[in-house]
Every structure is written in C-alpha cells, then in structure tokens.
Amino acid sequence: DGRSDVAGGRSVLSKVSSKNAHGSKCFRSLCFSADGGALLAGGNSKFVCLYSVDERTLLRKYVLSNNAALDGVRMHLNSSHLTDAGPTQDLLLDADDDEAGGASAATPRSLARRSERVTRLAVRCACVRFAPDGRSWAAASTEGLLLFSLDEALNFDPTGLELETTPAAVVEAAQSGDFGRALPMALCLNEPGLLRGCWQLVPPEHIPIVAQQVPAPYLERLLRFLGGELERSTHVHAVMLWVQQLLLAHGQQLRDRPVAFEAPLRALHKGTRLRYEELGHMCNRNLFSLDFLIDQIGQPAAAAESGEQGGDESGAGTAAA
C-alpha cells in the first residue's frame, strides 16, 4: 500500500494520533524511468519512494530533509509542548508578558515580531524526475533542488557562471591566446556560435594542452558538440584531432562513466562513419574519373602511333614495287 510507504513525519498541528495520520500523506508527483522498470513517487511527505514496476515492491525510501525546523520532519511529537492555544514554540506571547513588567521588558524586536504572521514551512516534494540515463534523479523540495545519483564521482555544476563570464571575455581570451580559459567559458555559456569560433581558433599544436584543461563537467557537452560538428563542418581533420586528444586525456573518466558518455560517443561514431562513407565514395569516383581521363589521353597517342606505323608499311610496299 503506497499510503503506508509515504507515511512518516508528524505535523505539530496534527490533531490525530500517529496511527490515523496516514490520511494526510499522499503522492503528488510520479515519474517512470526511461526503460519503464522503476517508478519514483513523492508528495506531502519527507520521503520519496522508489518502486520496482516488474516486482511491484518498494525498493528504497529517500529522506528529503532532517531539518527539524520544518514541519513534518519529526517522527514523534512531545504532547507536553501542546497547549490550548497551540504548540508552545509557535506562540508569539509568553506568560511573562502578561505580568506587570513584561511589556516594558520586551525588546523592540519582540514587539515587532508580534505583528508578523509566523508560519512554519512544511517538508514537501513538488516534483520528481528521472535522468534520461536512469542513473540519477532529481526532486524539487521545500529546501530546494536535490540530486541523487549512482555515480559518486559525479560533479554537479548548476551554472558555473560568474560576472566575468561573458561573450566579450571569451573573445578577448581567445584572441590573446589563452585558450585554456576561453574554451571553458564558452562551454559554460553554451552558445554554439561562440563555441564554434573558440575551438576553431586553437592551433593544432595547442590542442593536446587545451584538451587536458577541459573541466570534467563540460567534457560530455564538448564531445556532443564535436559530434554535431563532425556531421556538418568542413574541418574534418581538426575535429578528429580534438576527439583524439580528448579521448587520450580523459580516457579514464570515459571508462568509469560509460553510461554518461554513451550518447556523445554514439554521435561521434555516427559522424565518423558518415564521413568515411562520403569520402570513400568521392575517392572511388575520383579514381574512376582519373582512369577515364588517362584512357582518353592515351587514345590519340595510340591512334597517332598506329597511323605512323601504317604509313611506314605503305611506303615500304611502294619502294618494293
């Protein structure tokens, strides 16, 4: 029963016992994995449940937060803190304030706080989503975006943006020869035109050094971009040099995370195969054209030689007569 799986965490405003508190817990967001074998469920609870679709069983429960300041995190409540006016930690006025000297002893901050509406945030999960590769998933909760992954070495770089990361700074760094700084900034901005102009400015002798300086979070993005360039760019040799140096410099990372780099490597393989077939057909046509031209050039010479031989034979016959 999913209701018993999502149950957990008591609200300070709850007026029912823990045995009957399941009615306020429910799932509000569901997501299947890409292969349809797993199901994520989250909602009005501090737990996110992972189910196996084939076995119809609960695989694991993930805790979104252990912050006791949020409502619904504590599993057990202390009934001694509950009064007729509500929980003691949510009361704005204390018993000492009703005494004669209570009001005069109050600080300006406490006086200002009496006019504010004080509410406690409840732990909730608004949305859960699987990653396309199925090795990680994300949850939008009260405390923000939470990421869970099977790859322990995965580096999460949500933006990587700084005030100095601008297209003008990328162009200035590339023109000054600082390609190790220009390429990561172009990858961070993720503008195809800017990235294309940046990698094409790198001289061939500098490609091995710049490839080693590519940050790990941007490696998959760069390989995916080069896979697209291999299909439509005329700089085939330059793209292949970049791919070779990236594979040599980051080979260990590619072996450790094969699923994360499966899509860009497939794109590179597809682009390489298409270019190989295209260049192979063009070379074969050129060979046939050259053979044809050679034959055409050789035909007049052969005709001239045969004509000369025929004239010599006719002249010899006349002299003999």
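Me: Among contacts between residues at least 6 apart in sequence, what percentage join residues at least 24 apart?
Reply: In this protein, 54% of the contacts between residues at least 6 apart in sequence join residues that are at least 24 apart. Please keep in mind as we go on that the model is predicted.

Me: OK, and how many helices and strands are there?
Reply: The protein has 11 helices and nine strands.

Me: What share of the residues is buried?
Reply: Of the 321 residues, 31% count as buried. As for the surface, the protein exposes about 20600 Å², and carbon and sulfur atoms supply 55% of that area.

Me: Let's look at α4, then. Which of its residues are buried?
Reply: Helix α4 covers residues 167–175, and its buried residues are A169, V170, A173 and A174. Seen down the axis of α4, these buried residues fall within an arc of 130°, so they line one face of the helix.

Me: And which exposed residues are on the face turned away from that buried side?
Reply: That face of α4 carries A168, E172 and Q175, which are exposed.

Me: What do the buried residues of α4 pack against?
Reply: They pack against α5, which spans 179–189, and against α6.

Me: What comes just after α4?
Reply: Just after α4 you will find G177, which takes a positive phi of about 90°.

Me: Is D178 buried, partly exposed or exposed, and why?
Reply: D178 counts as partly exposed, because its relative accessibility is 35%, and a residue must be under 20% to be buried or over 50% to be exposed.

Me: How far is D178 from V202?
Reply: In sequence D178 and V202 are 24 residues apart, while in space they are 9.4 Å apart, taken from C-alpha to C-alpha.

Me: Switching to α6, which residues are buried there?
Reply: In α6 the buried residues are L194, L195, C198 and W199. They cover an arc of only 120° around the axis, and this puts them on the same side of α6.

Me: How do α6 and α8 cross?
Reply: The axes of α6 (residues 192–200) and α8 (residues 219–232) come within 12 Å and cross at roughly 80°. The two helices are therefore roughly perpendicular to each other.

Me: Which residues make that contact?
Reply: From α6 the contact uses P192, L195, R196, W199 and Q200, and from α8 it uses F225, E229 and R232. Sorted by kind, the residues of this contact divide into four nonpolar, one polar and three charged.

Me: New topic: where is R56, and what is its phi?
Reply: R56 lies in the loop between β3 (47–52) and β4 (57–63), and it has a positive phi of about 55° although it is not a glycine.

Me: Is R56 buried or exposed?
Reply: R56 is exposed, since its relative accessible area is 74%.

Me: Last one: where is S136, and why does it count as buried?
Reply: S136 is in strand β8, which runs over residues 136–141. It counts as buried because its relative accessibility is 18%, where the cut-off is under 20%. Leaving aside neighbours within four places in sequence, S136 is in contact with F130, A131, F148 and S149.

How values were computed
Residues are numbered from 1 along each chain as its sequence is written. This is a predicted model: local features need pLDDT of at least 70, side-chain atom pairs count only at pLDDT 80 or more; totals for chains, interfaces and linings use all residues. Side-chain values use heavy atoms; hydrogens and water are left out. Axes are lines fitted to C-alpha atoms, for helices over the stretch in contact, and angles run from 0 to 180 degrees between N-to-C directions. Helices (H or I, at least four residues) and strands (E, at least two) are DSSP runs, numbered from the N terminus. Angles under 35 degrees count as roughly parallel, over 145 as roughly antiparallel, 65 to 115 as roughly perpendicular and the rest as oblique. Contact means heavy atoms within 4.5 Å. Ala, Val, Leu, Ile, Met, Phe, Trp, Tyr, Cys and Pro count as nonpolar, Asp, Glu, Lys and Arg as charged, and the others, Gly among them, as polar. Buried means under 20% relative accessible area, exposed over 50%, partly exposed in between (1.4 Å probe, protein chains only). The arc is that of the directions from the helix axis to the C-beta atoms. Accessible areas come from the Shrake-Rupley method with a 1.4 Å probe; for residues, only the protein chains shown count as cover.
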